[in-house]
Structure formats: C-alpha cells, structure tokens
Amino acid sequence: MHVVVTGGGGFLGSHLCDALLRRGDHVLCVDDLSTGDPENTAHLAGHPGFTFVQADVTAALEVPGPVDAVAHLASPASPPDYHRRPLATLAVGSRGTENALRLAVARRARFVLASTSEVYGDPVVHPQREDYWGNVNPVGPRSVYDEAKRFAEALSTAYRRTLDADVGILRIFNTYGPRMRPHDGRVVSTFIRQALDGEPLTIYGDGSQTRSFCYVDDLVRGIVAMIDSDLPGPLNLGNPSERTVRELAELVRGATGSESGLEFRPLPVDDPTRRRPVITRAQHQLGWFPQVTIEEGLRQTVGWFRSRRGQASAERTARKPVRC
Ligand SMILES: NC(=O)c1ccc[n+]([C@@H]2O[C@H](COP(=O)([O-])OP(=O)(O)OC[C@H]3O[C@@H](n4cnc5c(N)ncnc54)[C@H](O)[C@@H]3O)[C@@H](O)[C@H]2O)c1
C-alpha cells in the first residue's frame, strides 16, 4: 500500500511509519515538526519506501503518486502543546482534517482519523463506550483540542455520509512508549523524567484520578488494522486496565528504581477524573486487544529514556531562563 501519514514525525506517527514500512508499504510522512522531532524518523532516512515532507497540512496537502490510505495524525496532542498553540490546534483539526479528507476522496483512498478519548471530556459515564456523547466544556482551557477533535469527527462523518468517503474514526486513549518527549507534559513521560533525575514526581490533585495507559506497539497494531479495514468507527483504542495517577507514580518508581518523593499540586481546571475505554467494539470488529502489561511497557520506555538521558538534560538546561 501507499500510505500518507500526517503527523508521522511525532510520537505515534513515527511508530506507525515503522510498522507500515516493516510490512512493505510505501510511506509518505507529512509533518511540520511543530511538536514532532526529526530524530523520530532519522533512522528511516534512505529507506527506499520512506519519504518525509516537511509541510503544514492546514495550508494544503498535495501528494504526487498513488495513495491507498491517509492516516491523519497531525495535531498537537499534549496539554502544554495545545495550550501553547491553541489556534494551530483548531486549524489542524478543521482545515487540516479537511485537506486530508479531500486528498483521500480524490484518490479513493481509505481515511483514518486519529481522534481521542478527550472527545468524552470529563465523562459522567464510566467506563466510556463509543455511544457516549461526552461532557466537554466548549469554552474551557482544553476546548481547543477536545472541540477540534469533535469537529474532525463530525467532518469525517459528513464526508462519509455525503461523499461516500471510506472513513474510519479511532478514539485513542492515553498511550506511552519510546519517543515521548521528556518535557511534553504527559504524565508518563513527566514521571519517568522526574524519577530518573531524582526529582519529586508531581501529582495534580490527590492522585486518585484515573487513566488507562496503552503501550505504543499495541496501539499502532490497532491503527494498522483500522487502515486495513473499511470500518467506520468510532472505535476506542486503549488499554482498559485503569490506574490511578498515584499508582502510576509507584509503578514508575519501581521501573526506574528511583526513591523520588511525591509532590502534590492543585488539579488543573476541567481535568478528567476518570478514564477507561470499553474496547469490545475494537475486539469484535478489528480482532484487536492490547497485549503489553504496564510493567513491561514501562520497562521498555524507561530503557529508552535512559538511553536518551543526555539529550533530556540538555533540553532541561536549554529551558532554564538565561540571566543577563
Ligand atoms: N499519544 C496519545 O496518548 C494520544 C491519545 C489520543 C489521541 N492522540 C492523537 O494521535 C495523534 C498523534 O499524537 P502524538 O502523541 O504522536 O503527538 P505528537 O505531538 O508527538 O505528534 C503529532 C505530530 O503532528 C505534527 N503536526 C502538528 N500540526 C501539524 C500540521 N498543521 N501540519 C503537519 N504536521 C503537524 C507534529 O509536528 C507532530 O509530529 C494526534 O492527532 C493526537 O491527537 C494521541
């Protein structure tokens, strides 16, 4: 297959590029590197099946040659990233998604949208099934991301209904693994970085809020299966093993051998209190279920962070304010 991966220079997108290339697909990765890292795909330079184009998908998405599928992952994804780039986040969810959909329709290609569990907002229904409509504050601080993804889902669905586009929607829950940026502000990467640096692990609220953490290899298997199917979704992809943030802190301390303490800070506004996917649809329709335990996933991720520690400490130094 010839697959266009928008956001392929990011955490999930680069693992998706790897998985597609491994099975012999041709991959065209389009990324503006606004939150991605060239290092994520550096090992693919010179691979005969891989092309990298640095471009903003909100401007245009014109691709030479055959296209069998478009996997649309481009979007800031972590709270610090979308708070820093609120208008760009809304633009990539709206204009960017439409450009990716137009490309797919023009080439009669499969289109897969990387949506998110954030469409459920701070859910009043638990665990979350795909038929739950969510609880999102449209003017809250998280709205730029949550509503951009909700709009992207609506747009993709309208393309399916009006233009018979071959559209599939995935709602991805918290995913972790190698290539997360140490300072991306996500809880797993933050805890690992703090534990390896011997700093206290910062917990927002009392740490009783829950998340369900899926290892990246599991998640990417699900995306590939969705690309290969003609399912419309939405399908939840995530690991239903729910953990409190406090439990996660203990797991990270165990995986790193760190004796870091815990530091409690006020809970951010609109922070979801509970998150757990119901994945029966993905299990029945895609034959997909996660296989990597959190202990094993953290072991792999910590190993990767350790190997990149020098770079992480350089990044931390660069972030310190310069005193003149
Ligand atoms: N990682 C998760 O836990 C998670 C959970 C739910 C949904 N998702 C979704 O999966 C996708 C990938 O997330 P990620 O964790 O890999 O984030 P990431 O920030 O590592 O990757 C996103 C990539 O998109 C690129 N990008 C952003 N705006 C762009 C634009 N206008 N044009 C071209 N490229 C652009 C960035 O440079 C980056 O490489 C996102 O759409 C995100 O919403 C991720």
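**Close-up views of the ligand site and the cavity**

View 1. A backbone N or O atom of Thr 175 lies 2.9 Å from an oxygen atom of the ligand, a polar contact being a pair of N or O atoms within 3.5 Å. Of the ligand's 810 Å² exposed when taken alone, the protein buries 96%, with accessible areas from the Shrake-Rupley method and a 1.4 Å probe. The model is predicted, with local features needing pLDDT of at least 70 and side-chain atom pairs counting only at pLDDT 80 or more, while totals for chains, interfaces and linings use all residues. Residues are numbered from 1 along each chain as its sequence is written, and side-chain values use heavy atoms, with hydrogens and water left out. A polar side-chain atom of Asp 31 lies 2.5 Å from a ligand oxygen atom, whereas for Val 57 a backbone N or O atom is 3.0 Å from a ligand nitrogen atom.

**View 2. The shell around the ligand.** The ligand is surrounded by 30 residues, the closest being Asp 31, Thr 35, Tyr 145, Lys 149 and Arg 186, where a residue is near if one of its heavy atoms lies within 4 Å. The largest share of this shell, three residues, comes from β5, strands being DSSP runs (E) of at least two residues and helices (H or I) of at least four.

**View 3. Residues lining the largest cavity.** Among the residues lining the largest cavity are His 72, Thr 97, Leu 113, Tyr 145 and Lys 149. The element giving the most to this lining is α5, with four residues.

Terms used: A polar contact is a pair of N or O atoms within 3.5 Å; within protein, one must be able to donate a hydrogen and the other to accept it, and residues adjacent in sequence count only if both atoms are side-chain atoms. On a 1 Å grid over the protein atoms alone, a cavity is a set of points where a 1.4 Å probe fits but cannot get out, and a pocket is an open set with protein on both sides within 12 Å along at least five of seven lines; lining residues have an atom within 4 Å of a point.
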